[in-house]
Amino acid sequence: MDNDKKIFSNFARFLILVTMIKENLEKIRATLPKSVTLVAVSKTKPVSDLQEAYDAGQRIFGENHALEMRDKHEVLPQDIQWHFIGHLQTNKIKYIIPFVTLIHSIDTANLLEAVNKEAKKHDRVVDCLLQFHIAQEQTKFGLDLEEARQLLDSETFKAMENIRICGVMGMATFTDDEIEVRKEFKHLKAIFDTLKKDYFADQPQFKEISMGMSDDYPIAVEEGATFVRVGSKIFGARNYNK
Ligand SMILES: *Cc1c(COP(=O)(O)O)cnc(C)c1O
């Protein structure tokens with residue numbers, strides 16, 4: 001392509017994206033009950049896409065890399081709530097603790113302890129969800145109920161003053177099999193109910209169930225999600241080879 005054409009096609013793509021992000025957001029919001037909060041998953045997407053979503057009223061964004069989230073936080077409006085949704089390495093915690101609103105992905109007792117320690121340095125109480133392994137795939141991170149009980153029963157946990165557990169998170173198997181996906185979401189809801197009863201009955205902040213992505217969020221909503229994490233249905237497919 002010669003240069004003029006290239007500039008034009010980039011511009012056309014930009015215009016299409018601008019209207020699409022807003023439209024996509026409006027379409028998705030229209031299907032969500034009031035009890036469900038939309039986390040716009042903006043990982044790998046440029047700041048300009050997030051700004052478009054912001055201008056369309058979106059205030060909650062989900063990222064899965066600590067440094068990418070920090071960099072975006074620095075340049076975007078300060079009233080954005082940043083949700084961390086990916087696997088968090090302990091040596092990266094420090095980049096997000098000053099500003100993160102909710103960490104969805106606590107998958108080990110060690111990680112929770114490290115978050116607590118870093119939050120203490122910043123004199124913050126950081127809201128967290130426990131991530132559970134509900135999918136058939138081996139690769140997805142997360143606790144099982146027994147591990148969560150061990151964590152919640154431990155003296156180390158009871159001494160943590162700078163984190164607050166607000167609920168659970170999970171990712172279903174990547175499959176077209178709706179019955180399987182629904183079964184996994186029901187499983188996460190059952191884990192939530194068990195933990196609520198056994199550990200958090202008198203703690204109103206323990207109320208969140210984060211489940212459902214672009215391809216399965218309608219099922220997750222039917223099964224009791226309070227947060228859905230939607231990326232490509234808002235921003236378009238991600239390109240990891242750039
Ligand atoms: C990427 C990601 C999402 C969003 O995925 P889409 O299929 O693009 O909606 C949701 N949750 C987690 C944990 C993710 O890593």
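Let's start with helix H5, residues 109-121. At 1.5 Å a residue, its 13 residues should span 18 Å, and the end C-alpha atoms sit 19 Å apart, which agrees. The expected span is 1.5 Å times one less than the number of residues. Helices here are DSSP runs of H or I with at least four residues, strands are E runs of at least two, and both are numbered from the N terminus.

A word on the source. This is a predicted model, where local features need pLDDT of at least 70 and side-chain atom pairs count only at pLDDT 80 or more, while totals for chains, interfaces and linings use all residues. Residues are numbered from 1 along each chain as its sequence is written, and side-chain values use heavy atoms, without hydrogens and water.

Which residues of H5 are buried? They are Leu 111, Leu 112, Val 115, Asn 116, Glu 118 and Ala 119. Buried means under 20% relative accessible area (1.4 Å probe, protein chains only). An α-helix has 3.6 residues a turn, so residues three or four places apart point the same way. Among the elements covering those buried residues are strand E4 (102-106) and helix H6 (145-153); contact means heavy atoms within 4.5 Å. Just after H5, Asp 123 has a positive phi of about 55 degrees.

Now the ligand. Its surroundings include Val 41, Lys 43 and Met 169, counting residues with a heavy atom within 4 Å. Polar contacts are N or O pairs within 3.5 Å. Ser 214 places a side-chain N or O atom 2.5 Å from a ligand oxygen. For Arg 238, a polar side-chain atom lies 2.8 Å from a ligand oxygen.

Notes: Buried < 20%, exposed > 50% of the residue type's maximum accessible area, 1.4 Å probe, protein only. Polar contact = N/O pair within 3.5 Å; in protein donor to acceptor, adjacent residues only side chain to side chain.
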